[in-house]
Amino acid sequence: MDHMTKEAIRYLGYGKHAVDDKTFALVEDSFRDLEDAAGRKSIYRIFDLQQTADDRFTIGTVEMQSRNLGRYLGGCCRIILFGATLGTAVDRMLARLSITDMAKAVVMQSCAAAMLEEYCDECQAEIAGRVSEEGLFLRPRFSPGYGDFDIRYQAPLMQMLDCAKTIGLTMTDSYMMTPTKSVTAVIGASRTEEKCHIKGCEACEKKDCTYRRDKV
Ligand code: SF4
């Protein structure tokens with residue numbers, strides 16, 4: 001079983017318990033449909049990072065304030081703004097299924113979330129390759145809405161990436177993204193290698209790391 005399938009099953013709440021054959025068949029079927037429908041797109045831009053206080057920093061012309069993000073960005077000199085989406089066809093398929101086949105719709109929600117995560121990891125690996133040429137190392141992704149990094153920062157992030165034009169990603173007044181299976185995030189880049197876990201600080205064994213994004 002590949003990592004993406006394992007994650008989808010975990011999102012469905014099976015934990016360490018074996019998934020039944022019927023659900024497993026639905027998972028495989030959902031991934032096949034998603035492969036056909038998903039129009040994966042992503043965008044990123046690299047900025048210099050100016051940190052003016054422990055919890056304040058400037059990206060481009062935008063000032064941001066967050067204690068969690070400030071700690072996570074410690075030692076970083078650059079910051080990457082990142083956006084990715086699976087596209088509108090996935091939303092249409094999910095909407096259709098929620099009327100015709102609710103059981104599959106639930107499974108497909110988890111599969112789409114796992115596929116988006118996997119795609120973001122692939123994009124991040126590509127960015128890591130590019131910035132390594134400049135002697136930079138990436139931290140895990142950090143999205144608005146995580147910890148005390150206010151969800152309202154999603155708006156300037158999306159503007160700076162020109163997400164509507166570049167990847168067809170927009171946002172409602174209540175910060176819901178359209179297409180729904182989309183991500184915006186910042187990624188810190190430092191000159192010292194922390195050997196970050198691709199799945200983020202929660203999955204990382206360095207419990208005493210100064211930059212943990214989940215420290216309170
Ligand atoms: S806890 Fe691990 S993943 Fe998080 S910043 Fe530290 S080294 Fe990187």
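Q: How are helices H4 and H5 oriented to each other?
A: The axes of H4 (residues 88-100) and H5 come within 7 Å and cross at roughly 155°. Axes are lines fitted to C-alpha atoms, for helices over the stretch in contact, with angles from 0 to 180 degrees between N-to-C directions; helices (H or I, at least four residues) and strands (E, at least two) are DSSP runs numbered from the N terminus. Angles under 35 degrees count as roughly parallel, over 145 as roughly antiparallel, 65 to 115 as roughly perpendicular and the rest as oblique. H4 and H5 are therefore roughly antiparallel.

Q: What kind of model is this?
A: Residues are numbered from 1 along each chain as its sequence is written, and side-chain values use heavy atoms, leaving out hydrogens and water. Local features need pLDDT of at least 70, side-chain atom pairs count only at pLDDT 80 or more, and totals for chains, interfaces and linings use all residues, since the model is predicted.

Q: How does H1 lie to H5?
A: H1 (residues 3-11) and H5 (residues 102-132) pack with their axes 8 Å apart, at an angle of about 135°. That angle makes H1, relative to H5, oblique.

Q: Which peptide bond is cis?
A: Most peptide bonds are trans. Pro179 is placed in the loop between strand S7 (177-178) and strand S8 (182-190). With omega near -5°, the cis bond runs from Thr178 to Pro179.

Q: What is the phi of Asp162?
A: Asp162 is found in the loop between helix H6 (154-161) and helix H7 (163-167). Most residues other than glycine have a negative phi. Asp162, a residue other than glycine, has a positive phi, near 50°.

Q: How many residues of the shell around the ligand are charged?
A: The residues around the ligand (a heavy atom within 4 Å) include Glu194, Cys196, His197, Lys206, Tyr211 and Arg212. Ala, Val, Leu, Ile, Met, Phe, Trp, Tyr, Cys and Pro count as nonpolar, Asp, Glu, Lys and Arg as charged, and the others, Gly among them, as polar. The shell holds 6 nonpolar residues and 1 polar residue, and the number of charged ones is 3.
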